[in-house]
Amino acid sequence: MKKISDRIYYIGVNDFDKVLFEGLWPLPYGVSYNSYLVVDEKVALIDTVEAGFEEEFLANVHEAIGERAIDYLVVNHMEPDHSSLIAYMLEKYPSLQIVANAKTVPMLQGYYGTSQERIRVMKEGDSLCLGSCSLSFHMIPMVHWPETMVTWLAEEGTLFAGDAFGTFKAVDEEVIDNEDTFEEYRDEMIRYYSNIVGKYGTPVQAALKKLSGLEIKRICSTHGPVWETSIPQVVALYDKMSRYEVERGVCIVYGSMYGNTAAAADALAMELEARGIPYAIHDLACNNAGELGVSGALRDVFKYDTIVVGSPTYNNGIFPPVETFMKALQARLIKGRRFFAFGSYTWSGASVSLLNAMAESMGYDILGAGLSFPQAYTREKCDMSAVADMLA
Ligand code: FEO
């Protein structure tokens with residue numbers, strides 16, 4: 001528990017045990033599920049946390065408000081990392097009323113069997129008086145589910161933002177950011193955005209436009225630190241990512257069965273290094289512990305303007321981990337990238353032309369036919385020096 005202001009308490013938890021967020025995304029630095037109490041004449045709980053943290057969560061509530069009752073549970077977002085203790089809290093606090101928008105209601109009923117009498121439905125701009133302050137509710141659909149909304153506490157300039165402005169990586173005991181926090185979380189924020197929200201650039205832009213009129217002094221997201229010091233940087237990063245804007249640089253993404261496509265990828269990395277071209281490299285077969293696979297590759301696709309993809313030909317097609325990555329690009333509607341493909345084959349090369357066809361379908365600027373080479377990698381068969389010159 002951490003007191004954020006006279007009225008606001010952080011009562012979230014850190015999860016260091018979950019291996020894959022949403023069953024997909026690695027969590028090398030953990031993740032926090034953030035929940036908050038707004039304490040006034042009435043007490044409002046903003047979201048809950050993931051199942052499995054019942055005791056810690058309730059202990060945090062008690063540390064903040066003792067045995068006092070909670071009057072309202074505001075549900076900004078129904079994904080179960082935030083909603084799965086709703087039924088538990090309704091049981092613990094029999095007079096607790098859920099505050100949610102209309103799109104949330106069938107999800108509450110479907111996930112948790114919540115009865116209609118416990119739900120108070122709010123529309124865009126509605127407010128709820130807690131005594132000396134009020135909460136108001138603003139819809140931000142598809143950031144990143146259809147029911148998502150934010151809750152605004154004007155008296156404190158505080159935005160309870162749901163997943164918006166969230167990030168992977170657990171929080172420290174300070175919870176509130178300082179001047180170093182943004183850089184500490186920057187990469188994990190980009191990875192979170194690209195993995196979880198990345199498809200919804202247009203709705204994020206709409207949400208940013210809607211929120212731009214607010215004088216925000218504090219952002220309380222559902223993941224990561226409470227932002228006070230770094231609000232301009234955090235908002236600017238979300239704005240940039242949702243516009244799919246990137247820097248000049250190369251994201252090399254490859255999979256390899258026996259090391260030949262990997263050797264070509266490493267050769268390109270060395271050539272880029274020698275030229276001072278920013279790059280990142282990702283082995284999708286995850287041959288070494290700590291590699292982030294598609295999750296890390298997506299992060300760097302949201303940083304750099306050039307994607308170079310390597311795949312051996314496998315079953316006359318694309319190596320499956322690489323195909324998964326290409327489909328992840330398609331699913332996120334990532335646009336405006338330069339693209340180059342390479343890869344080895346044994347008796348018939350198909351992967352490079354198939355990769356180029358997928359890239360073409362996404363409207364990418366395809367830089368040449370690619371480099372498809374037979375059997376073992378050699379510099380003569382696969383000249384990455386020339387490729388690096390082209391990418392410079
Ligand atoms: Fe953190 Fe979309 O849930």
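Me: Why is Ser-311 called buried?

Reply: Happy to explain, and please keep in mind that this is a predicted model. The relative accessibility of Ser-311 is 0%, and buried means under 20%, so Ser-311 counts as buried. Ser-311 sits in the loop between strand E19 (304-310) and strand E20 (313-314).

Me: Which residues is Ser-311 in contact with, leaving aside its neighbours within four places in sequence?

Reply: Among them are Gly-255, Thr-261, Phe-319, Phe-342 and Leu-355. With Phe-319 there is also a pair of polar atoms: one in the side chain of Ser-311 and the backbone nitrogen of Phe-319, 2.9 Å apart.

Me: What makes that pair a polar contact?

Reply: The cut-off for two N or O atoms is 3.5 Å, and the distance here is 2.9 Å, so the pair meets the distance condition.

Me: How do you know that the buried residues of helix H4 are on the same side?

Reply: Helix H4 covers residues 104-112, and its buried residues are Thr-104, Val-105, Met-107, Leu-108 and Tyr-112. They span an arc of only 165° around the axis, and therefore they lie on the same side of H4. On the face turned away from that side are the exposed residues Pro-106 and Gly-110.

Me: What do the buried residues of H4 pack against?

Reply: Their partners are helix H2 (80-83), helix H3 (86-92), strand E10 (97-101) and strand E11 (119-122). Just after H4 comes Gly-113, with a positive phi of about 60°.

Me: What makes Val-175 and Tyr-244 worth a look?

Reply: Most residues other than glycine have a negative phi. Val-175 is not a glycine, yet its phi is positive, about 65°. Tyr-244, also a residue other than glycine, has a positive phi near 60°. Val-175 belongs to the loop between strand E15 (158-162) and helix H5 (181-197), while Tyr-244 belongs to the loop between helix H7 (231-242) and strand E17 (247-254).

Me: Are Val-175 and Tyr-244 buried or exposed?

Reply: Val-175 has a relative accessible area of 4% and Tyr-244 has 7%. The limit for buried is under 20%, so Val-175 is buried, and so is Tyr-244.

Me: Where is there a cis peptide bond?

Reply: The cis bond joins Val-143 and His-144, with omega at about 5°. His-144 is in the loop between strand E13 (134-139) and strand E14 (149-153). For comparison, most peptide bonds are trans.

Methods: Residues numbered from 1 in each chain as written. Predicted model: local features only at pLDDT ≥ 70, side-chain atom pairs only at ≥ 80, totals over all residues. Heavy atoms only, no water. Helix = DSSP H or I, 4+ residues; strand = E, 2+ residues; numbered from the N terminus. Buried < 20%, exposed > 50% of the residue type's maximum accessible area, 1.4 Å probe, protein only. Polar contact = N/O pair within 3.5 Å; in protein donor to acceptor, adjacent residues only side chain to side chain. Contact = heavy atoms within 4.5 Å. Arc of directions from axis to C-beta.
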